[in-house]
Amino acid sequence: MSRFIHHVFICENRRPEDDPKGCCASKGSPELIPALRELIKQHGLTSKIRINSSGCLANCSRGSSVVVYPEGIWYSKVSMDDVAEIFHEHLLNGRPVTRLLDPKFHADLMERQ
Ligand code: FES
């Protein structure tokens, strides 16, 4: 049994600017973690929801990459504009944010919408 209701991994991998793979850090991922942690703190959920920085999640071209467990929901192209929605819809209310689902992993869920 998991200690946390949700465990969120956010890729903070950084590559050189000229690397053709790109990276999540250059797309703003380092800003996402403190923003999400602040919302969790404001709602008194620090013991229930854990946010961790991760290395490359092998989804570089679609970064910033975010994965939420235990559901195994993959979000792609996440920006600061999306943090509040992920927090309120998914982490608080259990409703994954459909518009941010990564189609590589969730084509089935996206078709149902
Ligand atoms: S650099 Fe973030 S998924 Fe690879």
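Against which elements do the buried residues of helix H1 pack? The points below answer this and then widen the view.

1. **Basis of the note.** The model is predicted; local features need pLDDT of at least 70, side-chain atom pairs count only at pLDDT 80 or more, and totals for chains, interfaces and linings use all residues. Residues are numbered from 1 along each chain as its sequence is written.

2. **Packing of H1.** The buried residues of H1 pack against strand E1 (6–11), strand E2 (49–54) and helix H2 (83–92). Helices (H or I, at least four residues) and strands (E, at least two) are DSSP runs, numbered from the N terminus. Contact requires that the C-beta atoms of two residues, placed from the backbone, lie within 7 Å.

3. **Length of H1.** Helix H1 covers residues 29–42, and at 1.5 Å a residue its 14 residues should span 20 Å, which agrees with the 21 Å between its end C-alpha atoms. The expected span is 1.5 Å times one less than the number of residues in the helix.

4. Ser29, Leu32, Leu36 and Ile40 are the buried residues of H1. They fall within an arc of 60° when seen down the axis of H1, so they line one face of the helix. The arc is that of the directions from the helix axis to the C-beta atoms. An α-helix has 3.6 residues a turn, so residues three or four places apart point the same way. The face turned away from the buried side of H1 carries the exposed residues Pro34, Glu38, Lys41 and Gln42. A residue is buried if 20 or more other C-beta atoms lie within 10 Å of its own, exposed if 12 or fewer, and partly exposed in between, with C-beta atoms placed from the backbone. After H1 comes Gly44, whose phi is positive, near 65°.

5. **Strand pairing.** E1 and E2 run parallel and are joined by 6 bridges, whereas E1 and E3 pair in the antiparallel sense over 4 bridges. Pairing requires that DSSP finds at least two bridges between two strands. His7 has Arg50 as its bridge partner in E2 and Tyr69 as its bridge partner in E3. Ile10 stands opposite Ser53 in E2.

6. Gly22 lies in the loop between E1 and H1. This residue counts as partly exposed because it has 15 C-beta neighbours inside 10 Å. Gly22 and Cys60 are 38 residues apart in sequence, yet 6.3 Å apart in space, C-alpha to C-alpha. Leaving aside neighbours within four places in sequence, Gly22 is in contact with Arg15, Cys60, Ser61 and Gly63.

7. **Helix H2.** The buried residues of H2 are Ile86, Phe87, His90 and Leu91. Seen down the axis of H2, these residues fall within an arc of 115°, so they line one face of the helix. The buried residues of H2 pack against E1, H1, E2, E3 and E4. Just after H2, Gly94 takes a positive phi of about 70°.

8. **A contact set around Val66.** Not counting residues up to four places away in sequence, Val66 touches Val8, Ile10, Tyr75 and Val78.
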